[in-house]
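Have the structure open as you read.

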Amino acid sequence: MADVLAFGEHSGGEVASITADLAAAGRGLGGEVAVALLGDELSGLAEQAAAMGADRVYTVEHPLLAGESADAITSALEQVCRRVRPRVLLVGKTAIGRDVGPRVAFRLGVGAAQDSVAVEGGESGRVVATRPVYGGSAMARVTFGAGDPQVVMMRPGAVEPAAGGGGSEVEAIEVELDESVRRVRHVETVRQETGRMPLDGAPVVVAGGRGLGGPEPFAMVEELAGLLGGAVGASRAACDAGWVDHSYQVGLTGATIRPDLYVTVGISGASQHMAGCSGSKHIVAIDKDADANIFKEASFGVVGDWSKVLPSFMEAVRDLVRS
Ligand code: FAD
C-alpha cells in the first residue's frame with residue numbers, strides 16, 4: 001500500500017518531466033511516494049522514475065498499453081489503484097492525464113480536484129488542493145469527503161521537480177485488459193517540428209506582450225532569447241493578436257514555467273499571466289508604465305519604451321556573452 005501514487009508519463013523511452021513534478025508534490029504530503037508506469041515496453045524507465053524521487057515504482061506492461069490509449073490506461077490505472085490502495089492519486093493535467101484522471105476517479109467512486117497548482121496535507125488525512133478560479137483572479141482551496149484515493153490533477157510546472165536517490169523498489173503488476181476496453185483507437189501521432197526551444201524546462205524565457213505593438217519586434221525578443229540560451233514566450237494578448245501562435249503563451253490558459261530568469265517586454269503582468277510564471281526565480285520586466293503589475297513581482301525592472309531599452313539591453317548582453 002502506497003501513501004501517494006503518481007501516474008508516471010513517458011514517451012520515446014523517456015519519463016516525462018510531469019512525473020518529477022508529481023513525485024515532488026507527493027513528497028510534500030509525507031509517506032511513501034510511488035510512481036505507476038504503464039506501457040507496452042518499459043525497459044530503463046523505472047530507474048528514471050526512481051531518479052525523479054519515487055520510493056517505489058510499479059510497472060504495468062501490456063501490449064494494449066502501447067501509444068496513448070486512454071481507455072486501456074484508464075482500465076489499467078484503475079486496477080493498479082484497487083491493488084495498491086493509495087491514499088492520494090496524483091495525475092498531471094496533460095493531454096493524457098486530463099483524459100485518464102477523472103475517468104479513474106469516477107470508476108473508483110471518489111472525488112477529483114482538477115487543475116491544481118499545489119497540494120498539502122490536511123486534517124484526518126484529507127488533502128487540500130489549491131486551484132485557480134474565476135479566470136485566475138482567485139485561488140480556491142478544496143478538500144475531499146470520505147473515500148480514497150483522493151485524486152488530484154496537477155498542472156505541469158506548478159511544483160519544483162524532485163530529485164531522488166534512485167534506490168526505489170520496483171514491482172511489476174499484472175492487469176487484465178482485452179480489446180473490448182478500447183473504444184477509441186489511437187491512429188497516429190504527428191509531431192510539430194517548431195525548431196525552437198520548448199518553454200517547458202527552459203532555463204531562461206524571454207516573452208513579449210501587447211506592448212510590442214505588432215509581430216515584427218518578436219524578432220528582437222527571439223534574438224535576446226538566443227543570446228541568453230533561452231526560449232521565447234508571449235502573453236495571451238500577443239497570441240490572440242496573431243503575432244505568434246498559442247504554443248508561445250505563458251499563463252493560466254498557456255504554459256506554466258519556472259525558469260531561472262524570465263524577461264518580459266511590454267507585458268502588464270495580469271493575474272492570469274502571472275499564474276503561469278510566478279514560480280520563476282528572477283523576473284526582469286521592461287514596461288513603460290511604472291504602475292504595471294509586473295513590477296510588483298519583478299526582481300529587476302526598467303521603466304521605459306522597449307524600442308529604446310531593448311537595443312541597449314541586448315548590446316550589454318552581447319558584451320557579456322563575448323567576454
Ligand atoms: P496588456 O495588459 O495590454 O499590457 C501591455 C503592456 O505593455 C502595458 O503594461 C503597457 O504599459 C506596456 N507597453 C505598451 N507600449 C509599450 C512600449 N512601447 N514599451 C514598453 N512597454 C509598453 N493572459 C496571458 O498572458 N496568459 C494566459 O494564459 C491568460 N489566460 C487568461 C484566461 C482567462 C480566463 C482570462 C479572462 C484572461 C486570460 N489572460 C491571459 C489575459 C490577461 O487577463 C491579460 O489580458 C493579458 O495577459 C494582457 O496581455 P499583455 O500584458 O500583453 O497586454
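Let's start with charge: the protein carries 28 positive and 41 negative side chains, and the centres of the two sets sit 5 Å apart. Lys and Arg count as positive, Asp and Glu as negative, while His and the chain ends are not counted. Each charge is placed at NZ of Lys, CZ of Arg, CG of Asp or CD of Glu.

A word on the model: it is predicted, so local features need pLDDT of at least 70 and side-chain atom pairs count only at pLDDT 80 or more, whereas totals for chains, interfaces and linings use all residues. Residues are numbered from 1 along each chain as its sequence is written, and side-chain values use heavy atoms, with hydrogens and water left out.

On to the overall fold. There are 9 helices and 17 strands, taken as DSSP runs (helices: H or I, at least four residues; strands: E, at least two) and numbered from the N terminus. The C-alpha trace spans about 65 × 40 × 40 Å along its principal axes. Of the 323 residues, 49% count as buried; buried means under 20% relative accessible area, exposed means over 50%, and partly exposed is in between (1.4 Å probe, protein chains only).

Now for the inside. A nonpolar core here is a set of buried Ala, Val, Leu, Ile, Met, Phe, Trp, Tyr and Cys residues joined through side-chain atoms within 4.5 Å. The largest one has 32 residues, and those touching the most other members include Leu37, Val88, Val119 and Met154. Helix α1 (17–27) and strand β4 (33–39) are among the elements giving it two or more residues, with α1 supplying the largest share, 5 residues. A second, separate core has 30 residues, including Leu5, Tyr58, Leu65 and Val84.

| Residue | Relative accessible area | State |
|---|---|---|
| Glutamine 150 | 0% | buried |
| Glutamate 176 | 68% | exposed |

Glutamine 150 lies in strand β11. Beyond its neighbours within four places in sequence, glutamine 150 contacts, among others, Arg87, Val88, Gly111 and Phe144. Glutamate 176 is in the loop between β12 (169–172) and β13 (204–208); with neighbours within four places set aside, Ser75 and Gln79 are its contacts. Glutamate 176 and arginine 87 are 89 residues apart in sequence and 23 Å apart in space, C-alpha to C-alpha.

Notes: Contact = heavy atoms within 4.5 Å.
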